[in-house]
Amino acid sequence: MEILDQSIAAEVADRLLEIQAIRLQPAKPFTWASGWKSPIYCDNRLSLSFPEVRNIIRDNLVRCVSHCFQEAEAIAGVATAGIPQGALIANDLALPFVYVRSKPKGHGMENMIEGKVVPGQKVVVVEDLVSTGGSSLKAVEDLKNAGFEVLGMVAIFTYGFDVADKNFADAGVRLVCLSHYDALLPMAVKRKYVTPETLDSLAEWRKDPGSWMQE
């Protein structure tokens, strides 16, 4: 996993906290679908409702693609949250856009990928959030199976789990993110969303989320 720029990482984390797209509740953790207890909940889709934040994210994701994947010929969003972000980027770069479903459409053409499929076309995948990387890398595999050449992936935020780094490395997929968990924590303390005393617990969660606060 790569971070585009540490100053951008801090700004994006701060803005996501400001609009409550990211919430931190170490004393009253959230429960993820996996059953993991988590002190953090991230819903970057909220940024779409705030034009200033939306534009900051869009501009920097465009910068990610332009700087890191200069050969890009198309943009692919991962359903559902990566779709609007991907469309914004594709529009700004004047590139074709497609999106990848989580499962094939249940009727009609039963498409997995919506949009014009051009075998051999070089595509950059857009995600809003990377946790373990499982669903993100499935989308990459679906694009490859359709004939696309996947250059890599850009995302707004990552928790920075070791398992995600391993999964992307094993798949040979380059991941570039705007912000990450390590940039978030100082901003959360600055905004007094958490206290400095809770940082150890928050750091432990990221190291071993599966067993954090489990009885």
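1. Residues are numbered from 1 along each chain as its sequence is written, and side-chain values use heavy atoms, with hydrogens and water left out. Because the model is predicted, local features need pLDDT of at least 70 and side-chain atom pairs count only at pLDDT 80 or more, whereas totals for chains, interfaces and linings use all residues.

2. Helix 2 (residues 51-68) and helix 3 (residues 82-93) pack with their axes 9 Å apart at an angle of about 65 degrees, where axes are lines fitted to C-alpha atoms over the stretch in contact and angles run from 0 to 180 degrees between N-to-C directions. Helices are DSSP runs of H or I with at least four residues, and strands are runs of E with at least two, numbered from the N terminus.

3. In contact, meaning heavy atoms within 4.5 Å, residues of helix 2 including Arg54, Ile57 and Leu61 meet residues of helix 3, among them Leu88 and Asp92.

4. The axes of helix 4 (residues 134-145) and helix 5 (residues 162-171) come within 11 Å and cross at roughly 15 degrees, and these two helices are therefore roughly parallel, a term for angles under 35 degrees. Ser136, Leu137 and Lys144 of helix 4 make the contact with Asn167, Phe168 and Ala171 of helix 5.

5. Helix 4 also gives the most to the lining of the largest pocket, with six residues; lining residues have an atom within 4 Å of a point on a 1 Å grid where a 1.4 Å probe fits, a pocket being an open set of such points with protein on both sides within 12 Å along at least five of seven lines.

Notes: Angles under 35 degrees count as roughly parallel, over 145 as roughly antiparallel, 65 to 115 as roughly perpendicular and the rest as oblique.
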